[in-house]
Each structure stands twice: as C-alpha cells, then as structure tokens.
Amino acid sequence: MTDPPLIRRSPVAMRDCNLARSFELIGDRWTLLILRSALYGVRRFDDFQADLDIPRSVLSNRLAALVASGIMERREYREEGQRPRVEYPLSRMGRTLGLPFFAMTQWSDRWLGDRPSPFTLRSKASGQKLSAALVDEGGKPVQASDIEGVIDPAYTKPGGKRRR
C-alpha cells in the first residue's frame with residue numbers, strides 16, 4: 001500500500017472552510033459537552049450545571065453563544081408556584097448536530113471504548129441498530145475505497161498544491 005501524496009498545507013483558506021467555521025462555533029470542550037447533554041434532552045440551566053459540573057459563568061457564556069449562533073433557543077417557562085425560569089432547547093439547526101455527534105459516538109466506540117456503548121440508535125420501524133455512513137446523492141452507501149475529496153478550484157489557496 002502506498003502513502004497518499006504529501007500535502008504541506010490545507011488547500012482551502014480558513015475563511016472559506018465551513019468545517020473550520022463549525023469548529024470555531026462549537027469546538028471548545030464545554031460547548032461540545034453542553035451540546036451532548038442537550039442532545040440527550042437536558043434543557044434547563046441548573047440541569048446542565050449539575051450534569052456537567054461546569055462553572056455557572058462558563059455555562060452562561062456558552063449558552064449565550066449557542067443562542068446567538070442559532071443552535072439553541074432561549075425560552076421562558078414557569079412551574080406552578082415558582083418564579084419564571086429559562087430553558088435552552090436545541091433549535092432545528094442544533095438538532096441536526098445529532099448526526100455528526102452520532103458519528104463521533106460510533107468512532108469513539110470503535111477506537112476508544114473498552115466496553116459496549118451505553119448508547120445506540122435503532123429504527124422505530126424495524127428495530128434494527130443504526131450506524132452512520134456516507135451515501136451518494138441517490139442514497140446508495142459508498143465504500144471508503146470509493147471516496148475522494150474534491151476541492152472547488154475557486155477556493156484553492158496559493159501554496160495549497162500537493163507535493164510528491
């Protein structure tokens with residue numbers, strides 16, 4: 001097996017890379033853990049704080065950023081006899097993070113897990129276990145050997161050429 005060609009620099013400028021933008025938005029440890037808890041269904045400030053043992057000021061800052069970015073919503077609720085409080089459900093945009101988080105769970109189970117995963121997804125219709133996979137535009141699964149990255153030449157930065 002031959003090694004792929006040596007690449008000295010990423011071929012796409014950071015300002016043009018949506019993956020880099022997503023890392024800037026959600027890439028710190030606390031934000032990722034807040035999103036993990038939210039995907040499990042946690043919505044209330046005190047519940048996030050207790051679940052993660054996160055400093056209140058850090059949680060407040062991260063939730064504000066997630067709301068500002070559109071990943072979470074800030075919604076008031078009131079339990080009977082209590083003062084109004086705020087909860088932070090995932091927005092539609094935030095709920096779509098379930099797929100990449102599930103893919104990371106699958107990766108972690110394979111490479112980091114030393115016991116069976118406590119979390120799986122199953123089809124409601126068939127009961128079959130689900131897994132993350134790449135599919136083509138027609139919905140057909142693609143094998144790893146059939147995948148290639150294609151960079152739009154309009155976004156190729158100078159110095160992003162491959163060297164052999």
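Start with methionine 104, which sits in helix H6, residues 98-111; helices (H or I, at least four residues) and strands (E, at least two) are DSSP runs, numbered from the N terminus. Keep in mind that this is a predicted model, where local features need pLDDT of at least 70, side-chain atom pairs count only at pLDDT 80 or more, and totals for chains, interfaces and linings use all residues. Residues are numbered from 1 along each chain as its sequence is written, and side-chain values use heavy atoms, with hydrogens and water left out.

Methionine 104 has 49% relative accessibility, so it counts as partly exposed (buried means under 20% relative accessible area, exposed over 50%, partly exposed in between, with a 1.4 Å probe and protein chains only). Together with Trp107, Trp111 and Leu112, Met104 makes a nonpolar surface patch of about 500 Å². Patches are made of residues with over 30% relative accessible area and no salt bridge, with like charges joined within 9 Å and nonpolar side chains (Val, Leu, Ile, Met, Phe, Trp, Tyr) within 5 Å. The areas come from the Shrake-Rupley method with a 1.4 Å probe, and for residues only the protein chains shown count as cover.

There's a charged patch too: Asp136, Glu137, Asp146 and Glu148 gather in a patch of negative charge on the surface. Here Asp and Glu count as negative and Lys and Arg as positive, while His and the chain ends are not counted; the place of a charge is NZ of Lys, CZ of Arg, CG of Asp or CD of Glu. Aspartate 136 is in the loop between H6 and strand E4 (162-163).

Now for the rings. How many aromatic pairs does a search of the whole structure find? The search turns up two, where rings of Phe, Tyr and Trp (its six-membered ring) pair if their centres lie within 6.5 Å, and planes under 30 degrees apart count as stacked, over 60 as edge-to-face and the rest as tilted. Tyrosine 40 and phenylalanine 119 pair edge-to-face, at 5.6 Å centre to centre with 85 degrees between the planes. Phenylalanine 119 is partly exposed, with a relative accessible area of 28%. Phenylalanine 102 and phenylalanine 119 are also edge-to-face, at 6.4 Å and 70 degrees. Phenylalanine 102 counts as buried because its relative accessibility is 10%.

On to the salt bridges, of which the structure holds eight; each is a side-chain nitrogen of Lys or Arg within 4 Å of a carboxyl oxygen of Asp or Glu. Arginine 62 and aspartate 28 meet in one of them, at 3.1 Å, N to O. Arginine 62 lies in helix H4 and aspartate 28 in the loop between helix H1 (18-26) and H2, so the pair ties together parts that are 34 residues apart in sequence.

Arginine 43 forms a salt bridge with glutamate 87, with the closest N and O atoms 3.1 Å apart. Glutamate 87, at 8% relative accessibility, counts as buried. Glutamate 79 meets arginine 44 at 2.6 Å, N to O. Between them, glutamate 79 in the loop between strand E2 (75-77) and E3 and arginine 44 in the loop between H2 and H3 are 35 residues apart. Bridges that share partners join Arg43, Arg44, Arg75, Glu79 and Glu87 into one network.
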